[in-house]
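Open the structure in your viewer and keep the sequence panel beside it. The tour below goes from one selection to the next and says what is found at each stop.

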Amino acid sequence: MTTSPDNASLKIMVIDDSSTIRRSAEIFLGQAGYQVVLADDGFDALAKMNDHKPALIFCDILMPRLDGYQTCALIKKSAKFHATPVIMLSSKDGLFDRARGAMVGSDAYLTKPFTKDSLLKTVREYTTQLVTK
């Protein structure tokens, strides 16, 4: 086994209450060879994180029970996952939404609906940083 990670060794978590968004992301990322972990809200994601140890997390903002801002803040406060990149997903593309995401520690912002190219470009950008660290 080599020491440099390839796509298949990287797990990406997608947290979204929309089954359509989760499924689209799963297909796009799976076709690119990544392992995908799905969660339908923040509580589900937090319960799965220890078992799966994702290298990158996409997190919807508007979710029931625990929204994306709260989920991101909890991830970033975690000693184990504080360095894990969190990309906020939202259908809103306003300055306020981006600023609020940055305030809770998100690393980037991707507007929905995303394309396969925009999703994979974001993954490559953050997984390249993981490889070079």
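Select helix α3, residues 68–77, where seven of the ten residues are buried, so the helix is mostly covered. Buried here means under 20% relative accessible area, exposed means over 50%, and partly exposed lies in between, with a 1.4 Å probe and protein chains only. Helices (H or I, at least four residues) and strands (E, at least two) are DSSP runs, numbered from the N terminus. This is a predicted model, in which local features need pLDDT of at least 70 and side-chain atom pairs count only at pLDDT 80 or more, while totals for chains, interfaces and linings use all residues. Residues are numbered from 1 along each chain as its sequence is written, and side-chain values use heavy atoms, with hydrogens and water left out.

Color the buried residues of α3: Gly 68, Tyr 69, Thr 71, Cys 72, Ala 73, Ile 75 and Lys 76. What do they pack against? Show β1 (11–15), α2 (42–52), β3 (56–60), β4 (86–90) and α4 (95–103), which the buried residues of α3 pack against; contact means heavy atoms within 4.5 Å. An α-helix has 3.6 residues a turn, so residues three or four places apart point the same way.

Move to the start of α3. A side-chain oxygen of Asp 67 reaches to within 3.0 Å of the backbone nitrogen of Tyr 69. A polar contact is a pair of N or O atoms within 3.5 Å; within protein, one must be able to donate a hydrogen and the other to accept it, and residues adjacent in sequence count only if both atoms are side-chain atoms.

Next, select β3. Five of its five residues are buried, so β3 is largely enclosed by the rest of the structure. Leu 56, Phe 58 and Asp 60 lie on one side, Ile 57 and Cys 59 on the other, and both faces are covered. In a regular strand the side chains alternate between the two faces of the sheet.

Met 13 has Ile 57 of β3 as its bridge partner, and Cys 59 stands opposite Met 88 in β4. Trace the chain through β3, α3 and β4, which make a right-handed β-α-β unit: with the strands pointing away from the viewer, the path from the first strand over the helix to the second runs clockwise.

Now show Cys 59 and Cys 72. Cys 59 is buried at a relative accessible area of 0%, and Cys 72 is buried at 0%.

The last stops are in loops. Most residues other than glycine have a negative phi, and most peptide bonds are trans.

- Lys 53, in the loop between α2 and β3, has a positive phi of about 45 degrees and is partly exposed at 48% relative accessibility.
- Arg 65, in the loop between β3 and α3, has a positive phi of about 70 degrees and is exposed at 61%.
- Pro 113 is in the loop between β5 (108–111) and α5 (116–132); the peptide bond from Lys 112 to Pro 113 is cis, with omega near -5 degrees.

Terms used
Pairing = 2+ DSSP bridges.
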